[in-house]
Amino acid sequence: MTQLPLRAQLASALGRSAATLSRMTGRGDGSVIGGRVGLMLEPDLLRQLARDRKLALVSATNGKTTTTRLITSALLRLGQVATNAFGANMPAGHVSALSQQKGAPYGVLEVDEKYLPEVLDTTGASVVCLMNLSRDQMDRAAEIWLLAQKWRKALSGKPTHVIANCDDPLVTWGASTAAKVTWVAGGQRWKEDSWSCPECGGPLERKGVDWACRECTFHRPEPEWILDDDAVIDPRGERWLLDIQLPGLANRSNAAMALAVAEAFGLPVDQALPSLREVTSVAGRYTTVERDGRQARLLLAKNPAGWLEAFDVSDPDLPIILSVNAKGPDGRDTSWLWDVDYRILRGRPVFITGERRLDLALRLEVADVPFATCTSFTEALAMQPPGRVDVIANYTAFQQIRSEFGRAV
Amino acid sequence: MPSDSALRIVWIYPDLLSTYGDQGNVLVLEHRAQRRGIETETIHVRSADPVPESGDIYLIGGGEDRPQILAAERLRRDGGLHRAIAHGAAMLAVCAGYQIMGSTFGGEEGQPVDGIGLLDIASTRGPARAVGELVAEVDANLGLPTLTGFENHMGVTSLGPGVKPLSQTIKGVGNGDGFEGCYAGHVVGTYLHGPALARNPALADLLLTWRAGELAPLDDTRYEQLRQERLDTVLAQ
């Protein structure tokens with residue numbers, strides 16, 4: 001790799017020191033502050049750090065962190081990989097990730113949906129992986145049609161190879177200006193944001209997995225990769241049983257995307273898949289924590305589509321604890337609770353907590369789901385009989401629980 | 001199979017105008033009617049389908065700029081909603097759906113777009129996004145407690161002589177002139193998006209009363225706990 005210019009070397013080194021200090025003082029993992037310091041000293045640092053590496057950018061509403069992890073795990077077979085494993089998915093986090101692995105010839109970066117155009121322009125990444133778009137934290141996030149439109153502009157005229165989920169009409173539209181697209185039929189559980197055509201606004205008609213606009217020519221492209229329940233069919237028609245440890249259909253979809261990305265890096269399925277199977281939990285998601293004979297499995301759900309995925313993973317025979325906050329990273333508006341169909345929880349012992357438990361309480365009452373209210377996660381856990389329990393929490397509620405167990409991974 | 005006497009709740013264009021929790025208003029109306037033994041039938045009208053004229057309560061929600069313009073075009077062409085309101089049906093129009101009811105609203109570049117003229121209001125695109133909790137005192141003629149909810153919009157709405165302000169804001173932006181929402185006859189418009197009726201069950205009951213007559217009281221403990229927590233938190237800020 002070419003040597004970084006002196007100013008960039010200094011910026012990168014000081015950023016790493018700031019990150020170390022932040023970690024040592026217990027303020028976090030340091031990836032945001034480190035990157036900020038670096039960018040302050042050298043605004044062009046991300047471009048310089050990205051140069052001469054083969055990068056994949058991963059973006060979506062849900063599954064970014066997990067898919068980034070799966071791709072990284074596969075690409076490690078090829079060599080060193082720089083990655084923002086802790087979900088710091090804006091430019092400061094990217095600078096930090098690339099600074100810490102200066103010699104890595106590969107990079108896999110999770111990118112916030114809004115920042116994708118900027119990060120793609122800056123890094124010139126050769127591969128972009130796009131999975132899904134749905135309503136999410138609308139008090140601070142952009143409207144998703146506008147996001148997809150920005151993706152279109154950013155991808156247009158670049159040589160980028162896009163790997164995109166063609167079962168999500170909005171992602172398909174957002175990706176389709178790219179010079180090269182590999183379509184993956186990755187599935188779409190949440191459909192409430194794709195009843196109308198992103199191109200013309202007409203009604204989208206669905207027949208099985210297929211979809212097409214009734215009023216214009218926009219339709220589902222033919223996929224090269226297909227997720228078929230617990231297996232993936234590759235572009236040559238070969239069927240691979242996924243057999244990954246991460247639970248649920250959403251993660252099998254993430255794995256299908258990861259295999260397509262790995263192949264774009266020249267790594268065939270038979271080599272990539274074993275690495276995907278080694279991943280058991282990602283930044284605390286799906287991990288099980290234990291206290292006083294109670295084993296709580298932690299599921300993260302940040303928006304309506306995420307809750308559907310969490311319900312899919314959750315064991316219907318177990319009691320369940322739900323925790324909801326509305327701090328900045330969660331979105332301060334809890335309206336989304338009304339987009340989640342909680343009726344699936346009827347018949348299970350349900351315990352609720354979190355700062356916005358009163359919003360959740362009313363939501364469950366209207367859905368005719370009986371529940372018990374707890375003032376804290378600790379109290380909710382103590383109310384369980386010894387044994388297993390599932391926990392679904394939104395972002396800061398999830399991080400609070402993780403912290404209680406020493407930032408469980 | 002619901003009987004002919006069932007209360008018909010019509011949700012207009014959830015495929016275009018249902019960004020964030022709008023379904024909550026449908027669920028709260030259903031739930032509050034059913035708990036009083038009033039049978040309900042809910043009709044989801046997609047934008048390709050005609051709007052039935054025989055509904056009792058019509059709901060229309062929030063949405064992005066482009067779907068909002070499409071919804072206005074389709075509602076104007078369809079005419080079903082106009083006829084239903086002329087027959088005395090009730091309506092709650094929220095955010096983008098509220099703006100559509102007027103003579104004009106601001107499109108994605110701020111250009112004026114024709115509304116459907118069911119309310120004597122006109123909206124434009126404001127300079128900044130209004131995002132956050134809103135608290136307002138409702139017009140005394142309606143006899144409702146304090147309005148609470150969340151707004152997220154860029155609209156500025158001016159009211160004509162044919163409507164009355166729904167409420168006077170204490171916190172938040174609302175129409176942009178110290179008032180929030182409006183009403184005329186049995187039509188209510190508001191910027192409180194998402195499940196406004198979950199935060200304001202008395203407003204839900206007002207809509208129900210207009211079509212189903214006097215209502216039995218309900219145990220509203222959960223509603224009241226949520227309202228109190230929100231009002232305390234927001235007014236203390």
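Colleague: Where does UniProt place the feature "active site" in chain A?
Modeller: The unreviewed UniProt entry puts that feature at A:Asp333. UniProt positions use the numbering used here, feature names are shortened, and annotations may be inferred rather than shown by experiment. This is a predicted model: local features need pLDDT of at least 70, side-chain atom pairs count only at pLDDT 80 or more, and totals for chains, interfaces and linings use all residues. Residues are numbered from 1 along each chain as its sequence is written, and chains are lettered from A and ligands numbered from 1 in the order in which they are written.

Colleague: Which loop is A:Asp333 in?
Modeller: A:Asp333 sits in the loop between β14 (320-323) and β15 (350-353) of chain A. Strands are DSSP runs of E, at least two residues; helices are runs of H or I, at least four; both are numbered from the N terminus.

Colleague: Is A:Asp333 buried or exposed?
Modeller: A:Asp333 is buried, because 23 other C-beta atoms lie within 10 Å. Buried needs 20 or more other C-beta atoms within 10 Å of the residue's own, exposed 12 or fewer, and partly exposed is in between; C-beta atoms are placed from the backbone.

Colleague: New topic. What is the strand order in the open sheet of nine strands in chain A?
Modeller: The order is β2-β3-β1-β4-β5-β6-β9-β10-β11, with mixed pairing. Two strands pair if DSSP finds at least two bridges between them.

Colleague: Which are the edge strands?
Modeller: β2 (81-83) and β11 (239-241) of chain A, as each pairs on one side only.

Colleague: How do β9 and β10 of chain A pair, parallel or antiparallel?
Modeller: β9 (residues 225-228) and β10 (residues 231-233) of chain A are antiparallel, over three bridges. A:Asp228 has A:Ala231 in β10(A) as its bridge partner.

Colleague: What does helix α9 of chain A touch on the sheet?
Modeller: Helix α9 (residues 249-264) of chain A touches β1, β4, β5 (161-165), β6 (180-185), β9 and β10 of chain A. Contact means C-beta atoms, placed from the backbone, within 7 Å. The direction of α9 makes about 165° with that of β5(A). Axes are lines fitted to C-alpha atoms, for helices over the stretch in contact, and angles run from 0 to 180 degrees between N-to-C directions.

Colleague: At what angle do α2 and α5 of chain A cross?
Modeller: Roughly 90°, and the axes of α2 (residues 31-41) and α5 (residues 91-100) of chain A come within 7 Å.

Colleague: What does UniProt list for residues 8-200 of chain B?
Modeller: The unreviewed entry lists "domain: CobB/CobQ-like glutamine amidotransferase" there. Over residues 8-200, chain B is 22% helix and 39% strand.

Technical notes. Contact = placed C-beta atoms within 7 Å.
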